[in-house]
Amino acid sequence: MQTIDNYNFKGKRAIVRVDFNVPLDENFNVTDDNRIRGALPTIKKIIGDGGSAILMSHLGRPKSGPEEKFSLKHVIPTLSDHIGTDVQFADDCIGAQAEDKSAALQAGEVLLLENLRFYSAENKVKTPEEQEATREFAKKLSTYADVYVNDAFGTAHRAHASTAVIADYFEEDDRMFGFLINKELDAMDKVLRQTEKPFTAIMGGAKVSDKIEVIENLLDKVDNLVIAGGMTYTFIKAKGGKIGNSICEEDKLDLALEVVKKAEARGVELVLPVDQVLADDFNNDANTETASIMDGKEGFMGLDIGDQTIERFSEVIMNSKTILWNGPAGVFEMSNFQKGTVSIAKAIAASTSKGAYSLVGGGDSVAAVNKFGLADQVSYVSTGGGAMLEYIEGKELPGIKAIRG
Ligand code: AMP
């Protein structure tokens with residue numbers, strides 16, 4: 001397999017799948033440039049070697065064709081600033097302009113293509129006709145360049161034209177991952193393959209059903225499985241506790257009991273909350289009380305873990321050598337119910353400073369470490385929530401397979 005470190009881009013045009021799906025404000029200014037910064041090492045390597053880069057990405061979810069609010073031209077000022085050179089733009093990713101601008105690129109120049117998802121061929125791969133359209137689209141994109149680099153981990157679980165299919169149109173020596181995907185794969189391998197024990201996974205968030213496959217796969221690997229957040233209540237109800245108005249998936253009670261049994265059989269310590277913060281409304285100003293986790297109350301819902309739970313979770317985290325965190329411990333978007341999530345983030349940071357390896361992934365846990373200013377105190381923050389979860393489930397990601405084989 002070709003690697004970006006070993007490749008000399010001198011005189012080559014590289015087409016790079018990046019993830020510039022960034023948030024924009026109402027004036028189309030980029031409000032969070034993390035994803036743009038994530039792509040810089042790869043872009044700088046290409047132009048530093050004396051090559052040129054053609055960048056392609058999606059932005060948002062356009063339904064049918066071009067829409068101003070989803071135009072990638074809005075990221076150009078931020079991107080140009082970061083690269084330190086003026087980035088050119090093709091206002092259609094397919095067609096004469098994109099072809100001409102790609103062909104005219106000189107060493108050190110960068111061209112950004114308009115949103116790939118203005119074409120439905122980038123997405124739809126269900127019917128044979130759609131698959132054919134996708135292949136045609138990918139083939140067209142491939143003609144712009146000599147080499148393909150995939151650096152968009154966030155879309156690696158999608159079998160789209162730009163993330164997977166395009167790789168077929170390049171020789172094995174001329175297709176590779178960028179630095180960002182390499183870092184993501186290294187981080188996941190540290191957690192899943194070169195695991196230093198004890199290994200603790202902390203799974204939070206709203207629903208068990210979203211995470212069940214991850215949980216099942218992790219049961220073969222972890223020493224401790226910490227359950228937090230809304231999904232706790234499906235476990236508590238299944239175990240015969242009172243949950244009042246707390247969020248619960250009634251049809252997943254059996255599944256929760258199965259997880260309990262499997263954990264026991266495999267010698268995994270299943271660490272559930274022992275106490276909670278109850279609220280009489282889903283509102284930051286709701287009346288609150290604390291209660292044992294088994295003692296919910298009608299008219300109240302559990303919106304955060306309690307202090308005893310924080311202590312217990314922190315102890316487990318501090319005694320771990322490998323930590324994986326996905327999903328908040330409570331409704332951390334509301335300041336009165338963020339304490340549990342903040343405490344988990346702080347315990348992970350403290351354990352990391354003592355030598356543990358910590359990987360944080362999934363939209364809300366990433367938002368939490370960023371919100372609390374702890375992102376640089378954990379070992380790695382994944383840029384791809386869905387892709388990371390699928391990788392941990394043990395699934396083959398089409399974007400990874402297309403290059404790794
Ligand atoms: P997920 O996308 O599954 O990781 O879930 C994240 C969401 O779960 C966040 O928006 C949290 O506010 C929400 N959440 C966490 N704990 C609870 C809870 N106890 N009750 C309701 N929602 C929760």
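Guide: Let us begin with burial: a residue is buried under 20% relative accessible area, exposed over 50% and partly exposed in between, with a 1.4 Å probe and protein chains only. This is a predicted model, in which local features need pLDDT of at least 70 and side-chain atom pairs pLDDT 80 or more, while totals for chains, interfaces and linings use all residues. Residues are numbered from 1 along each chain as its sequence is written, and side-chain values use heavy atoms, without hydrogens and water.

Visitor: Is R117 buried or exposed?

Guide: R117 counts as buried because its relative accessibility is 12%. Its place is the loop between β4 and α4; helices (H or I, at least four residues) and strands (E, at least two) are DSSP runs numbered from the N terminus. R117 also shows how the chain folds back: G60 is 57 residues away in sequence, yet the two C-alpha atoms are 8.4 Å apart.

Visitor: Where does E122 lie, and with which side chain does it make a polar contact?

Guide: E122 is in the loop between β4 (110-113) and α4 (128-142). With 0% relative accessibility, E122 is classed as buried. A polar contact is a pair of N or O atoms within 3.5 Å; within protein, one must be able to donate a hydrogen and the other to accept it, and residues adjacent in sequence count only if both atoms are side-chain atoms. The side chain of E122 makes such a contact with the side chain of S162, at 2.6 Å.

Visitor: Why does K140 count as partly exposed?

Guide: K140 has a relative accessibility of 32%, so it falls in the partly exposed class. K140 belongs to helix α4. Between the C-alpha atoms of K140 and E114 there are 14 Å in space, and the two residues are 26 apart in sequence.

Visitor: What should I notice about the backbone at F28 and P198?

Guide: F28 has a positive phi of about 65 degrees although it is not a glycine. F28 is found in the loop between β1 (13-17) and α1 (34-48), and at 26% relative accessibility F28 is partly exposed. At P198, the bond to K197 is a cis peptide bond, with omega about 0 degrees. P198 lies in the loop between α5 (179-192) and β7 (199-203).

Visitor: Which residues are closest to the ligand?

Guide: A residue is near a molecule if one of its heavy atoms lies within 4 Å of it. Of the 14 residues that surround the ligand, the closest are A206, K211, G302, E333 and D364. An N or O atom in the side chain of K211 is 3.1 Å from a ligand oxygen, and a polar side-chain atom of D364 lies 3.4 Å from an oxygen atom of the ligand. A polar backbone atom of G230 is 3.1 Å from a nitrogen atom of the ligand.

Visitor: How much of the ligand does the protein bury?

Guide: Accessible areas come from the Shrake-Rupley method with a 1.4 Å probe. Taken alone, the ligand exposes 500 Å², of which the protein buries 80%.
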